[in-house]
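Me: I am new to this structure and would like to go through it in questions and answers. Please show it to me before we start.

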Amino acid sequence: MPVKKKHRARMIEYFIDVARECFNIGNFNSLMAIISGMNMSPVSRLKKTWAKVKTAKFDILEHQMDPSSNFYNYRTALRGAAQRSLTAHSSREKIVIPFFSLLIKDIYFLNEGCANRLPNGHVNFEKFWELAKQVSEFMTWKQVECPFERDRKILQYLLTVPVFSEDSLYLASYESEGPENHIEKDRWKSLRSSLLGRV
């Protein structure tokens with residue numbers, strides 16, 4: 001939304017710093033949300049803006065959340081955060097907020113992909129043990145009291161800030177840095193016409 005590219009670059013760097021802090025405290029869900037937002041086409045296409053951004057920290061964070069090898073890097077970091085949480089002395093060190101989509105996927109596939117009974121008819125205790133372990137670990141993380149003070153201004157902002165549609169994001173992106181090819185130009189004209197009522 002900032003008009004000047006140096007201000008947009010500062011905003012991107014701010015969110016990279018927020019993402020890094022999310023990683024440091026063990027908030028992997030917010031970390032992934034920020035990375036996903038930065039990688040959305042309306043943001044990632046802003047080449048002139050990104051040229052002014054120091055991306056080394058962002059590249060490291062993307063590497064941590066890389067989906068290859070079944071999110072191996074993330075799972076390693078999550079295990080580290082879980083270990084830290086077990087021996088923590090402060091509630092800040094106890095924070096573990098997993099990447100929810102992957103947690104749900106893991107539990108779903110464990111439940112649906114493994115039989116309740118073994119071929120010999122016995123109960124598949126290994127399946128239920130693993131399910132119980134994952135759910136109880138999550139319940140432990142959920143019980144950690146948030147060590148951060150609630151800021152009413154931030155809460156109010158988050159509750160009232162407008163949520164942009166994908167079309168609105170693209171329009172803002174094109175308004176910030178003009179279309180680069182005929183396909184983008186046609187889309188920009190179409191968005192201006194439909195969202196703003198002008199050509």
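**Exposure, salt bridges and patches**

Reply: Glu 180 is partly exposed, with a relative accessible area of 48%. Buried means under 20% relative accessible area, exposed over 50%, and partly exposed in between (1.4 Å probe, protein chains only). This is a predicted model, in which local features need pLDDT of at least 70, side-chain atom pairs count only at pLDDT 80 or more, and totals for chains, interfaces and linings use all residues. Residues are numbered from 1 along each chain as its sequence is written, and side-chain values use heavy atoms, with hydrogens and water left out.

Me: Which residue forms a salt bridge with Glu 180?
Reply: Side chains of opposite charge can pair when their charged atoms come close. A salt bridge is a side-chain nitrogen of Lys or Arg within 4 Å of a carboxyl oxygen of Asp or Glu. For Glu 180 the closest N and O atoms are 3.6 Å apart, and the partner is Lys 47.

Me: How many residues apart in sequence are the parts that Lys 47 and Glu 180 tie together?
Reply: Lys 47 forms a salt bridge with Glu 180. Lys 47 lies in helix α4 (residues 47–50), while Glu 180 is in the loop between α11 (166–176) and α12 (182–196), so the pair ties together parts separated in sequence by 133 residues. Helices here are DSSP runs (H or I, at least four residues), as are strands (E, at least two), numbered from the N terminus.

Me: How many salt bridges does a search of the whole structure find?
Reply: Among them is the pair of Lys 133 and Glu 130, at 3.6 Å from N to O. Another pair is Asp 167 and Arg 187, at 3.5 Å from N to O. The search of the whole structure gives a count of nine.

Me: Which helix holds both Lys 133 and Glu 130?
Reply: Lys 133 is partly exposed at 44% relative accessibility, and Glu 130 is partly exposed at 25%. They sit three residues apart, about one turn of the helix, and that helix is α9 (residues 125–142).

Me: How many residues apart are Asp 167 and Arg 187?
Reply: The side chains of Asp 167 and Arg 187 meet in a salt bridge. This pair links distant parts of the chain, with Asp 167 in helix α11 and Arg 187 in helix α12, and the separation is 20 residues.

Me: What distance separates the C-alpha atoms of Ser 190 and Asp 167?
Reply: Ser 190 lies in helix α12 and is partly exposed, at 45% relative accessible area. Ser 190 and Asp 167 are 23 residues apart along the chain, and their C-alpha atoms are separated by 9.9 Å.

Me: Which helix gives the most to the positive patch?
Reply: Lys 4, Lys 5, Lys 6, Arg 10, Lys 48 and Lys 52 gather in a patch of positive charge on the surface. Patches are made of residues with over 30% relative accessible area and no salt bridge, like charges being joined within 9 Å and nonpolar side chains (Val, Leu, Ile, Met, Phe, Trp, Tyr) within 5 Å. Lys 6, for one, is partly exposed, with a relative accessible area of 43%. Three residues of the patch come from helix α1 (residues 5–25).

Me: What is the accessible area of the nonpolar patch on the surface?
Reply: Met 11 lies in helix α1 and is partly exposed, with a relative accessible area of 39%. Accessible areas come from the Shrake-Rupley method with a 1.4 Å probe. Met 11, Tyr 14 and Phe 15 form the patch, and together they have about 310 Å².

Conventions:
Lys, Arg positive; Asp, Glu negative; His and termini not counted. Charge placed at Lys NZ, Arg CZ, Asp CG, Glu CD.
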